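Hello,

Here is the structure I promised to pass on to you. Have a look at it first, and my notes follow below.

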Amino acid sequence: MIKRIFLALVLLAVVVAVAFTVYAWHSELPAMAASDRPDFDAATIEQGRVLAAAGYCATCHTAEGGEPYAGNYPVVSDFGTIYASNITPDPDTGIGTWSPEAFRRAMHEGVDRQGRHLFPAFPYDHFTKLSDQDVDALYAYLMSEVTPVNEPTRESTLPFPLDLRFLQAGWKLLFVDFGRYQPDPERDDAWNRGAYLAEGISHCGACHTPRNALGAEDNGRRYQGAVIDTWTAPALTSRNPSAMRWTAANLTRYLKTGADAYHGIAAGPMGPVVHAGIAELPDRDLQALGVYFASVAGDGDSGPLPDPDSSPVQASVAAGKPDPAWRLDDGERLYATACAACHYNDSADNLKATRPELGINSATRLDDPANLIHVILDGVPTGEGSHGVVMPAFRSALDDQQIAAIAAYLRASRTDLPAWPDLPARVGELRAHAGTH
Ligand code: HEC
Ligand code: HEC
Ligand code: HEC
């Protein structure tokens, strides 16, 4: 009896191993010479350029100070560093010998031309949603507009056995829902267009959705907020910390300009998402993203903005006025001298100005103070937040204790949320981290 069970188990193991190997195995696709590539028309190339921006391809595929798309940008994961590939049309070190089919297979299935599995640091789990036509447009753009650069891509620092590419087949089997975007017939065209862009090319969930222990996005907690490079990408669901709900119009403005008066600005990792990315999309696509995320936030309202003089804002502005009983401690004194000249928070007019109202800004309301501390340490350069507007950096002007005091003061005076623990230590940590970039 025991023998028979044992035999059955061995057989089962063999079947699973064979099935897995067949699933994991992909053939090499033939190399294609540049001269055999199809001709691309100008409209397709332009479509590809906009999609490449909206998918931040250059942000990940360009190393600091390196040539565009020549790769070697380090994508740091909990398991090790994976270097983005050279995706210029160089035939030796880039994708110059890739046919449109090979490129499509990489984008849709995460398998390279030679048949090797790609690591999910490359967000193929989102790009699999893209239509063939959009993938072909990206191919047309990369092959015709990007200058070939001969630069070999560095090996990942993943430890054995995680560096074995065929094992990625198991990860795919467990976590990736392959296939093109399926429109939801219950929803209108704008919603479906927004969902297509968000889940596919712009992969908003890559930062805003928490990941499981194996690094896959947890779709049961989609858009519920996550930590990315020591910043918090806030929840975009009804758990969003803002004092005022995001409407479609607010979202569209934030995604187009990098700022919304009723909420925050796009600093840190969100800066390039807007300014090197989705801001290139035509207005109707940005509106579609607004419609989709307003529904994710639980609010389909795309009507006019709330009146700045209406009560929630006024209440927050009133809350921003220091309570006379508030002890004039370090935090308040430092705020008055370092910040209040710009963030004076004394009237609803502030909402019409370019300075965010800190009483309703997510940076003061998140469970983690990281975003607030980052912004105080390093300011907001012109490339982030609103265009042509800066906030100075206080890295050298203020020490850890002083920044902690300002953060504690803002939390206590602007919100009714619990105080942040261990602030000075957290400032020290983030100061050291950001300094390494
Ligand atoms: C979050 C960072 C990130 C973004 C955004 C990103 N990539 Fe990548 N990509 C990578 C990494 C990392 C690899 C290498 C994966 C590996 O070695 O397994 C890669 C690999 C690839 C490959 C395979 C190349 C080869 O030689 O095997 C292609 C093709 C590719 N990316 C195209 C794109 C395009 C097109 C876009 C934009 C639509 C894009 N990527 C956006 C990180 C990114
Ligand atoms: C590379 C990581 C990353 C990607 C990709 C990303 N975000 Fe963000 N997002 C962030 C971070 C970090 C913040 C916080 C920025 C700050 O506080 O200044 C943020 C902030 C936001 C906010 C403001 C939330 C608030 O309440 O203050 C919205 C809205 C938003 N993102 C929407 C999106 C959408 C829509 C997409 C896809 C088109 C997207 N994000 C893609 C990292 C990312
Ligand atoms: C010289 C004017 C100026 C000073 C001084 C200043 N800020 Fe700002 N701050 C700004 C502007 C302008 C923005 C919006 C930047 C943008 O939209 O690009 C901003 C943005 C912010 C944000 C929003 C960040 C986000 O991600 O949404 C916070 C928080 C903030 N400031 C806090 C402070 C604190 C705390 C101080 C004092 C230590 C301070 N600021 C000093 C001008 C200033």
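Which polar backbone atom lies 3.0 Å from an oxygen atom of ligand 3? That atom belongs to Ile265, counting as polar contacts pairs of N or O atoms within 3.5 Å. Before I go on: this is a predicted model, where local features need pLDDT of at least 70 and side-chain atom pairs count only at pLDDT 80 or more, while totals for chains, interfaces and linings use all residues. Residues are numbered from 1 along each chain as its sequence is written, chains are lettered from A and ligands numbered from 1 in the order in which they are written, and side-chain values use heavy atoms, with hydrogens and water left out.

**Ligand 3**

The side chain of Asn361 also has an N or O atom 3.0 Å from an oxygen atom of ligand 3. A backbone N or O atom of Glu384 is 3.5 Å from an oxygen atom of this ligand. By class, the shell has 18 nonpolar residues (Ala, Val, Leu, Ile, Met, Phe, Trp, Tyr, Cys and Pro), along with six polar and one charged (Asp, Glu, Lys and Arg count as charged, the others, Gly among them, as polar).

Best wishes

Note on methods: A polar contact is a pair of N or O atoms within 3.5 Å; within protein, one must be able to donate a hydrogen and the other to accept it, and residues adjacent in sequence count only if both atoms are side-chain atoms.
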